[in-house]
Amino acid sequence: MPGMMDTILNLGLNDETTETLAKITGNERFSLDAHRRFIQMFGKIALSVNGQKFEEIIESHKKKLGVKQDVELNPQALRKIIQDFKELIRLDSGKRLPQDAWMQLEMAVEAVFRSWSNPRAVEYRRFYKIADDLGTAVTLQQMVFGNMGRDSGTGVAFTRNPSTGDRKLYGEYLRNAQGEDVVAGIRTPDSLDAMPPEIRLDLDRVSETLEQHFKEMQDFEFTVENMKLYLLQTRNGKRTAHAAVKIAVDMAGETLISREEAIARINPGDIDQLLHRTIDPKAHVKAIAKGLNASPGAASGIAVFDTDEAAKLGAKGDKVILVRPETTPEDIRGIIRAQGILTVRGGMTSHAAVVARGMGKAAVVGCSSIRLDPDNGYFKTSEGMIVKRGELITIDGSTGEVLLGTVPMIEPELTEDFRTLLGWADASRRLGVWANADTPEAAKKAKEFGAEGIGLCRTERMFNAPERLPIVREMIMAEDEDERREALRRLIPFQLSDFKEMFRLMAGKPVTVRLLDLPLHEFLPSAEEAVEEIENLRKRHAPASALETEARLLTKVHQLSEHNPMLGHRGCRLAITYPEIYEAQTEAIIRAAIETRREAGQTVRVLIMLPLISSANEMIYLRRHVEAAAERVFEEMEEKIDYKIGTMIETPRAALTAGELAKYADFFSFGTNDLTQTTYAFSRDDAEAKFMSRYLENKILTDSPFEVLDAQGVGRLISMANQEGRKANPKLEVGICGEHGGETKSVAFFHQAGLDYVSCSAYRIPVARIAAAQAAIATTKTMSTV
């Protein structure tokens with residue numbers, strides 16, 4: 001959790017040891033500076049004094065001396081600052097700064113333990129789903145001083161570039177400073193090239209040693225004290241998803257790790273970072289400012305200068321860019337909700353840069369050409385342009401540019417390294433990966449991302465299109481079956497065209513078409529809209545026939561209204577009342593498949609899915625109607641195709657009676673969104689709007705069951721239905737088409753449960769491919785240790 005836990009440096013310094021340190025080193029300024037730093041950190045962290053008050057004291061002394069940098073403060077000024085700091089602590093905390101080193105140590109240890117529960121650490125763990133009960137350790141480490149003068153300094157280095165993954169030492173160095181200056185972004189450091197050449201050579205050797213030992217990209221902090229290099233810490237480095245993929249593939253190529261280890265290294269949840277949009281290179285844009293390109297990708301949003309405001313607006317769905325002098329760990333709430341981050345100070349290894357890269361957010365840091373005035377709600381560029389709070393800006397984390405307004409973006413493309421990794425993943429996984437796609441555009445994108453079929457094509461869109469909706473309403477308003485069939489007959493050419501376009505794109509692959517699921521009232525205006533239209537017609541003195549038609553429509557709206565539409569007259573229940581709807585859809589599907597084969601030489605593997613089935617008798621009744629419609633098309637076209645009829649398992653009863661259903665179904669597809677709702681008796685919209693956040697905060701639920709599959713409850717139903725279904729029908733094909741199909745933990749469960757495939761949205765397909773491979777590799781490892 002970089003930056004989330006507290007650190008106290010220079011511990012043990014007091015009035016006496018500070019004077020002794022000055023005599024030993026012959027450097028009074030250094031000794032006083034170290035003491036000043038200790039008091040500031042100890043006061044803020046151990047005694048809970050407002051950290052901004054310390055900064056205000058420093059700024060006032062710099063202003064008196066007419067200097068800009070902390071390093072320009074002379075010994076006399078530092079002594080006065082130390083006295084002011086002590087007085088601030090006394091007044092603010094009611095305690096005196098302890099002079100006893102052992103008391104300092106005890107209080108510091110307690111403070112670091114407490115920091116595990118500070119708001120920023122809690123928020124960070126919530127975002128990354130880190131368990132609160134893990135706890136922390138406290139490390140005690142001998143000080144080395146980077147603030148001894150020009151031959152000393154401090155820095156942070158990565159053994160490879162954390163943004164791009166390039167195999168080149170990457171980092172920053174700050175002369176005459178301590179580590180907190182770099183990571184907190186208080187000063188903007190230089191590149192590693194600014195280091196003394198002999199120390200830089202030592203650093204290169206250290207970098208190579210660390211990688212060979214850990215076989216991972218390392219993020220390490222170091223200090224140079226009087227031309228001697230010290231390592232302070234090392235850890236596996238945070239990186240962008242782009243860098244993670246490149247590093248994994250490169251390390252496998254360098255034989256540092258195996259291909260299986262390369263796949264296991266990738267966090268599937270981070271992969272959508274690779275699918276960030278970037279600014280269109282053809283767009284004519286002019287930067288209003290430029291900083292350091294700290295985290296790639298482009299982001300647009302309104303400029304917001306306050307962390308709490310950014311968090312609040314972001315939670316409502318507003319797109320914001322958080323603009324700060326520098327970010328501190330306390331800004332984590334705003335960073336999580338923001339589209340991107342822009343800071344005036346800080347370098348490539350500052351808190352803002354590291355956290356943004358880890359979260360896959362665009363970030364531009366160290367943009368010193370802008371003058372920020374958060375109190376008055378604006379920033380000013382070097383050319384005098386004023387950008388006020390709430391104005392739209394765009395940041396390009398790949399170039400470091402800041403732009404006014406929104407700019408054209410382009411969709412991402414998979415890199416060669418990523419294609420290589422996905423190829424390795426495909427060779428390792430057992431689960432198929434299909435796509436949820438309702439349009440030819442979505443199917444095309446899914447195919448580009450490696451979809452092996454369509455696991456869910458919803459047909460509601462084919463009824464909702466503007467040129468079709470009047471005909472659909474005629475069908476709903478029909479007085480008898482003949483009128484309904486006539487309206488449905490006029491809809492067939494539209495559906496035929498839609499299906500043919502989809503089938504041409506997916507030729508040779510399976511396509512699962514879910515027949516109409518929505519209740520009919522979804523295709524009509526609301527009662528309020530119908531009443532308003534009647535009033536408008538009256539005001540315009542419309543003909544009586546028009547008023548009568550609208551009045552009939554209002555009557556039908558009232559007739560079709562339901563207290564609980566989700567559990568009402570929809571899905572298979574609608575088709576049992578009006579079987580001609582599913583017959584017309586089946587005719588369009590079968591006809592489109594045959595025409596596609598005639599025109600393109602091959603067609604898709606057709607799967608027709610009946611929604612909301614809960615009993616075998618529903619399945620038997622509707623299967624008979626679907627088969628009859630297909631046979632009519634075969635007879636008319638004098639040609640046949642193979643097709644399957646199955647059902648979506650989305651109610652507990654369907655799962656519990658899967659053995660019976662499977663006798664009449666060729667496939668099952670678990671609709672985990674509705675299955676979760678019906679199992680928990682949760683309305684998703686109401687749960688997420690009203691109480692889900694409290695359930696998560698109070699640890700009643702570890703994850704939202706709509707995001708991560710509930711393995712104990714919903715998962716048990718899936719496992720049971722899969723086993724009983726296959727026992728009754730050994731040829732049964734079983735998959736899942738809910739949103740869980742692209743979530744890492746859920747995919748691992750589906751692999752263990754023995755499903756054949758997962759289906760998810762196009763942009764989640766790469767995630768599912770990696771997650772399925774990781775599940776297979778983990779299973780193989782487990783079996784090999786048994």
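**View 1. Strand S23 sits largely enclosed by the rest of the structure, because 5 of its 7 residues are buried.** This strand covers residues 643-649. Buried here means under 20% relative accessible area with a 1.4 Å probe, counting protein chains only. Strands are DSSP runs of E with at least two residues, helices are runs of H or I with at least four, and both are numbered from the N terminus. Welcome to a predicted model, in which local features need pLDDT of at least 70, side-chain atom pairs count only at pLDDT 80 or more, and totals for chains, interfaces and linings use all residues. Residues are numbered from 1 along each chain as its sequence is written, and side-chain values use heavy atoms, leaving out hydrogens and water.

**View 2. S23 pairs with strand S22 and with strand S24.** Strands pair if DSSP finds at least two bridges between them. S22 (residues 605-610) runs parallel to S23 over 5 bridges, and here Leu607 has Lys644 of S23 as its bridge partner. S24 (residues 667-670) is also parallel to S23, joined by 3 bridges; look for Met648 opposite Ser669 of S24.

**View 3. A right-handed β-α-β unit is made by S22, helix H23 and S23.** Helix H23 spans residues 616-637. Right-handed means that, with the strands pointing away from the viewer, the path from the first strand over the helix to the second runs clockwise.

Definitions and conventions
Buried means under 20% relative accessible area, exposed over 50%, partly exposed in between (1.4 Å probe, protein chains only).
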